[in-house]
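This report walks through one protein model, from a single residue out to its sheets, helices and cores. Keep the sequence and the structure in view as you read.

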Amino acid sequence: SKAIVLENALIDSSQPLNFSIPDSLKSEGDSGSYIVQSRGPINHAFRALLQEAGATIVSYIPNNAFLVRMSAAAAQQLAGPGLSQAVIPFEPYYKLDVTLLKQVMENKPTSPSVNVLVFADAHAATLDALKQMGAKVVTESPSPFGTQMVVQNAMDVPAIARIPGIQRVETYSTRM
């Protein structure tokens, strides 16, 4: 019940984080998204607590946690004693699929195109940030969690993952 299970990490929320994340895959400033774990099974009171803090639930994360969009101030409020088991910034490290993470960690070249999932409330700001880094969005399609985009000229995958509006970055492959 104290485990937070992510594709790229297994976090024991009863312990301090004991793995190091490279600086290139850490948030710069407010990440804008957090993993918030309940002290027990998720219930109406926990959802109400998130809503009162101004958090928007994006998706469930095993075990008893949600990925939420909220400010750093709201995260500090929820991290108070007795309110939640854990409040953890959703670091760029957690956003990369396994293939991309391995390539980045081993300093290997990545594909110049990636698939990204953008949080629903961050579409315009994310498009602007991608444009500023020279990346080009070639397609967009809706999903239940936001907008999926194919991004070309994605030469700096960690920088793309550090954009607060990005929820997920995956290897691009042409559909057959």
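Arg-69 sits in strand β5. Helices (H or I, at least four residues) and strands (E, at least two) are DSSP runs, numbered from the N terminus. The model is predicted: local features need pLDDT of at least 70, side-chain atom pairs count only at pLDDT 80 or more, and totals for chains, interfaces and linings use all residues. Residues are numbered from 1 along each chain as its sequence is written, and side-chain values use heavy atoms, with hydrogens and water left out.

Is Arg-69 buried or exposed? Arg-69 is buried, at 12% relative accessible area. Buried means under 20% relative accessible area, exposed over 50%, and partly exposed in between (1.4 Å probe, protein chains only). A polar atom of the Arg-69 side chain lies 3.1 Å from the backbone oxygen of Pro-164. Not counting residues up to four places away in sequence, Arg-69 touches a set that includes Ser-33, Gly-54, Thr-56, Phe-119, Asp-121 and Pro-164. Contact here means heavy atoms within 4.5 Å.

## The sheet that holds β5

β5 belongs to an open sheet of 4 strands, in the order β4-β5-β3-β6, with antiparallel pairing. Two strands pair if DSSP finds at least two bridges between them. β4 and β6 (86-89) are the edge strands; each has a single partner, so one side of each lacks a neighbour in the sheet. The twist averages 25° from one strand to the next. Axes are lines fitted to C-alpha atoms, for helices over the stretch in contact, and angles run from 0 to 180 degrees between N-to-C directions.

β3 and β5 are antiparallel, with 5 bridges. Arg-69 returns here, as the bridge partner of Ser-33. On the β6 side, 4 bridges join β3 to β6, again antiparallel. Val-36 stands opposite Val-87 in β6. The covered face of β6 carries Ala-86 and Ile-88, and the uncovered face carries Val-87 and Pro-89.

## Helix α1

α1 lies across β3, β4 and β5, at about 20° to β5. Which residues of α1 (residues 44-52) are buried? They are Phe-46, Leu-49 and Leu-50. These residues cover an arc of only 95° around the axis, so they share the same side of α1. The arc is that of the directions from the helix axis to the C-beta atoms. An α-helix has 3.6 residues a turn, so residues three or four places apart point the same way.

The buried residues of α1 pack against β3 (33-37), β4 (56-61), β5 (65-69) and α2 (72-78). The face turned away from the buried side carries exposed His-44, Ala-45, Gln-51 and Glu-52. Asn-43 caps the N-terminal end of α1, with a side-chain oxygen 3.1 Å from the backbone nitrogen of Ala-45. Just after α1, Gly-54 has a positive phi of about 90°.

Another open sheet of 4 strands runs in the order β8-β9-β7-β10, with antiparallel pairing. β8 (136-143) and β10 (166-171) stand at its edges with a single partner each, so one side of each is left without a neighbour in the sheet. The twist averages 20° from one strand to the next.

β7 (residues 113-119) pairs with β10 in the antiparallel sense over 5 bridges. Val-114 stands opposite Thr-171 in β10. Helix α5 (residues 123-132) lies across β7, β8, β9 (146-152) and β10, at about 10° to β9.

## Helix α4

In α4 (residues 98-105), Leu-100, Leu-101 and Val-104 are buried. Their arc is within 100° seen down the axis, so they line one face of the helix. They pack against α3 (92-95), β7, α6 (157-162) and β10. Asn-107 follows α4, with a positive phi near 55°.

## Two nonpolar cores

A nonpolar core is a set of buried Ala, Val, Leu, Ile, Met, Phe, Trp, Tyr and Cys residues joined through side-chain atoms within 4.5 Å. The largest has 36 residues. Those with the most contacts inside it are Ile-35, Tyr-94, Leu-96, Val-114, Val-116 and Val-169. β7 gives the largest share, 4 residues.

Beyond its neighbours within four places in sequence, Tyr-94 contacts residues including Leu-6, Leu-17, Phe-19, Ile-35 and Ile-88. A second, separate core has 13 residues, among them Leu-50, Phe-66, Ala-74 and Leu-78.

Conventions. A polar contact is a pair of N or O atoms within 3.5 Å; within protein, one must be able to donate a hydrogen and the other to accept it, and residues adjacent in sequence count only if both atoms are side-chain atoms.
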